[in-house]
Amino acid sequence: MLDFTSALYLGLQHPSRALRPWSQLTLGKPAALAAPASQGRVAEALAELQGCERATLGPSTLHLFWDLFGMLANRGAIYMDAGVYPIARWGVERAAARGVPVRQFSHYDPQALEQRLKQDASGRLRPVVIADGFCPGCGKPAPIAAYLESARALGGCLVLDDTQALGLFGHSPGPDAPYGRGGGGSLCWGKIAGPEVLVVSSLAKGLGVPVAVLAGAKTTVDWFERRSKTRMHCSPPSIVAIHAAEHALAVNRKCGDALRLRLAQLVSRFRKRLARQGLSTIGGLFPVQTLAPLPNLDAGLLHQRLYQLGIRTVLHRARNGHGPRISFLITALHGPDDIDRAADALAYATRNAKAEVKIWGADHEIRTRSRGRAL
């Protein structure tokens, strides 16, 4: 069975033999009181990787977003991109429950944001703009510069969920580095910096570690740590997760760019193989490749046929809610033969699924006509 359901894009795995040893999993103390000895080094390295002044770690992005938007409750109104990932959205919902005004605007539409801001032109509400750094659903990066300019002009800030981009995108993209270099994420990709930007990311995708990071200006991160409720009531990331993050950063420094190039070549190969079969995907060179909708073809049936052919894919609903979609998640652990097999299986399954639908439709029409004559 070929698996195309993993978001470990660079294929990083962290077996215990590759990590520094540990004598305990947790200190049994809240993060505000004590943290694993190496946590500070990992946070500093992640801040440098993303081009930020300072960073702090959390067990998950849910912890960080829950805290952050609760703390921003007295700072202004929240302007939320319609495509924001659910976990960040849950943090926004917490703020809304505490009385914070929340405005939603069209996905990756700077003009829609500007229009929303003009509707609140009294200036009493400083905007907190929240968006994903990269959207796998549409295969596009956020218009970060435009969002930041709008927020900055009114004394506000921009919060990015950069989980999809961290470890994958970086600075200085080119023919030999389609995703860029370093893996620092959307800020590096877009050459964006400034004290008004705050980035929350999970390392669980690109870097393969179940830990999250909040990065930004030193004063902002310091403020977050002082007021964080989850740091007061929850444990910090486990010692194992911290050691795994150390390992991930070391691997990224040593061979991350080579892994990113390999991944880009695999994605490009997949798209070219499908194009020869008259099929296409949404996602550009991003490793989440979503099959473009096909008329009169049931995605659930196609997903089942692929599984029967030994190809495991992700069946999900489109972000706009318009029907089910099938996605292939490609990682650097796949090989060219895996890509070819998946593309050929998809072409075969598509042809057969269309034939099944056509036969079912003809049979349904015959039975309907027969019932009509009987009546």
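Helix H2 (residues 61-71) packs against helix H3 (residues 86-97) at an angle of about 30 degrees, with the axes 8 Å apart. Helices here are DSSP runs of H or I with at least four residues, strands are E runs of at least two, and both are numbered from the N terminus. The axes are lines fitted to C-alpha atoms over the stretch in contact, and angles run from 0 to 180 degrees between N-to-C directions. That makes H2 roughly parallel to H3, a label for angles under 35 degrees. H2 passes H3 in a right-handed crossing, meaning that the near helix is turned clockwise from the far one by less than a right angle.

This is a predicted model, where local features need pLDDT of at least 70, side-chain atom pairs need 80 or more, and totals for chains, interfaces and linings use all residues. Residues are numbered from 1 along each chain as its sequence is written, and side-chain values use heavy atoms, leaving out hydrogens and water.

On the H2 side, Phe65, Trp66 and Asp67 are among the residues that meet H3, whose partners include Trp90, Gly91 and Arg94; contact means heavy atoms within 4.5 Å.

Now for Thr281, which sits in strand S11 (residues 281-282). Thr281 is buried, with a relative accessible area of 11% (buried is under 20%, with a 1.4 Å probe and protein chains only). Its side chain makes these polar contacts, pairs of N or O atoms within 3.5 Å with one able to donate a hydrogen and the other to accept it:

| Side chain | Partner side chain | Distance |
|---|---|---|
| Thr281 | Arg271 | 3.1 Å |
| Thr281 | Gln289 | 2.5 Å |

Leaving aside neighbours within four places in sequence, Thr281 also touches residues including Phe270, Leu274 and Leu291.

Definitions and conventions. Buried means under 20% relative accessible area, exposed over 50%, partly exposed in between (1.4 Å probe, protein chains only). Angles under 35 degrees count as roughly parallel, over 145 as roughly antiparallel, 65 to 115 as roughly perpendicular and the rest as oblique.
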